[in-house]
Amino acid sequence: LEAQFLRAQRLESIGTLAGGIAHDLNNILTPILTAAQLLQLKLPNIDERSQQMFTTIETNTKRGAALVKQVLQFARGVEGKKRTIVQVNHLFSEIEQIVQETFPKSIEFSTNIKSDLWAIVGDATHLHQVLMNLVVNARDAMPDGGTLKISAENVFIDEHYARMNLEASVGSYIMISVADTGIGMSPKIVDRIFEPFFTTKEFGKGTGLGLSTVRGIITSHGGFVNVSSNVGRGTEFKVFLPAVEVTATPVAENLELPKGNRE
Ligand code: ADP
């Protein structure tokens with residue numbers, strides 16, 4: 001039993017370490033890829049050999065990013081657990097209930113789901129945890145009140161977007177946005193928020209593990225997360241999760257195919 005405990009503890013610290021390294025490594029790989037792509041644009045009449053070298057840089061930075069993703073999946077150990085079809089409207093109504101019962105009345109809350117939303121294949125408990133962490137952070141960012149909006153829509157990531165964003169691959173996603181009108185963050189802080197144990201909250205109020213868990217769960221679902229924030233104006237987290245292109249009937253759990261809105 002003790003051995004099991006030690007193993008679990010060791011795995012947890014490896015997970016934390018790997019999560020931190022993986023995030024830093026992505027921050028290193030992204031400028032390499034961007035610089036190579038910009039350089040390529042600056043040199044229009046490039047010879048074939050040099051073109052090949054650019055392709056090598058591009059392919060291998062992408063490969064590095066894929067490896068980072070795998071390490072994160074391993075570290076989190078979420079892969080292959082309790083996967084079901086998860087409907088975002090179910091997730092949202094659970095969050096809505098908690099927010100309405102426990103958040104201060106000075107926070108105005110709204111949800112918005114685009115019709116014919118696709119579904120996610122994933123671990124409902126973990127996805128719930130992602131949303132909870134994001135709304136609690138939003139609440140903490142609005143001590144004097146404000147508005148908190150969560151919304152969801154179908155998006156298609158095309159080749160152009162996937163080329164520019166290391167973590168994204170071409171395909172169908174559900175984009176969940178959590179937006180607040182709180183204190184916001186400086187770019188320096190945004191750079192660090194996914195690091196395990198990074199927190200700006202006073203001692204005892206924050207662990208700094210919320211967003212590293214969020215990122216780990218999203219990565220293990222094959223998704224990615226974007227952040228935009230302005231000091232004094234607010235913050236928006238956009239969570240992208242791979243979607244299965246079926247829209248679920250709200251009443252029954254049955255699935256039906258989208259009515260001719262594709263092809
Ligand atoms: P914790 O909430 O325990 O501090 P997190 O990993 O969830 O840990 O968040 C890390 C830090 O990111 C927070 O301490 C805060 O500085 C910043 N942060 C996260 N979400 C927001 C937000 N919505 N608005 C402003 N700052 C935020």
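The expected span of a helix is 1.5 Å times one less than its number of residues. The views below all show a predicted model.

**View 1. Helix H4, its length and its buried residues.** With 17 residues at 1.5 Å a residue, H4 should span 24 Å, and its end C-alpha atoms are 24 Å apart, so the two values agree. The buried residues of H4 are His 126, Leu 127, Val 130, Leu 131, Leu 134, Val 135, Asn 137 and Ala 138. Leaving out residues up to four places away in sequence, Leu 134 touches Val 178, Val 214 and Phe 237.

**View 2. The largest nonpolar core.** This core holds 35 residues, and those that touch the most other members are Ile 120, Val 130, Leu 134, Ile 174, Ile 218, Val 239 and Leu 241. H4 gives the largest share, 6 residues. A second, separate core has 6 residues, including Ala 22, Leu 33, Val 68 and Leu 166. In soluble globular proteins, nonpolar side chains tend to be buried together.

**View 3. The shell around the ligand.** The ligand has 23 residues around it, of which Asn 137, Ala 141, Thr 199, Gly 206 and Gly 210 come nearest. Asn 137 is also among the buried residues of H4. Both H4 and H7 supply at least two residues of the shell. Sorted by class, the shell has 12 polar, 9 nonpolar and 2 charged residues.

**View 4. Strand S7 and its pairing partners.** S7 pairs with S3 in the antiparallel sense over 2 bridges, and Ala 119 stands opposite Val 244 of S7. S5 also runs antiparallel to S7, joined to S7 by 8 bridges; here Val 178 stands opposite Phe 237. The pairing of S6 with S7 is antiparallel too, over 7 bridges, with Asn 226 opposite Lys 238. S6 and S7 form a hairpin with 3 residues between them, and Gly 232 in the turn has a positive phi of about 80°.

**View 5. Ser 177 in strand S5.** Ser 177 is found in S5. A residue counts as buried with 20 or more other C-beta atoms within 10 Å of its own and as exposed with 12 or fewer. Ser 177 has 16 other C-beta atoms within 10 Å and is therefore partly exposed. Apart from neighbours within four places in sequence, Ser 177 is in contact with Ile 150, Ser 151, Glu 236 and Lys 238. The C-alpha atoms of Ser 177 and Gly 204 are separated by 28 Å, the two residues being 27 residues apart along the chain. In a regular strand the side chains alternate between the two faces of the sheet.

View 6. Asp 116 lies in the loop between strand S2 (107-113) and S3. Although Asp 116 is not a glycine, its phi is positive, at about 60°. Asp 116 is partly exposed because 14 other C-beta atoms lie within 10 Å.

Note on methods
Residues numbered from 1 in each chain as written. Predicted model: local features only at pLDDT ≥ 70, side-chain atom pairs only at ≥ 80, totals over all residues. Core = buried A, V, L, I, M, F, W, Y, C linked by C-beta atoms within 7 Å. Helix = DSSP H or I, 4+ residues; strand = E, 2+ residues; numbered from the N terminus. Contact = placed C-beta atoms within 7 Å. Near = placed C-beta within 6 Å. Nonpolar A, V, L, I, M, F, W, Y, C, P; charged D, E, K, R; others polar. Pairing = 2+ DSSP bridges.
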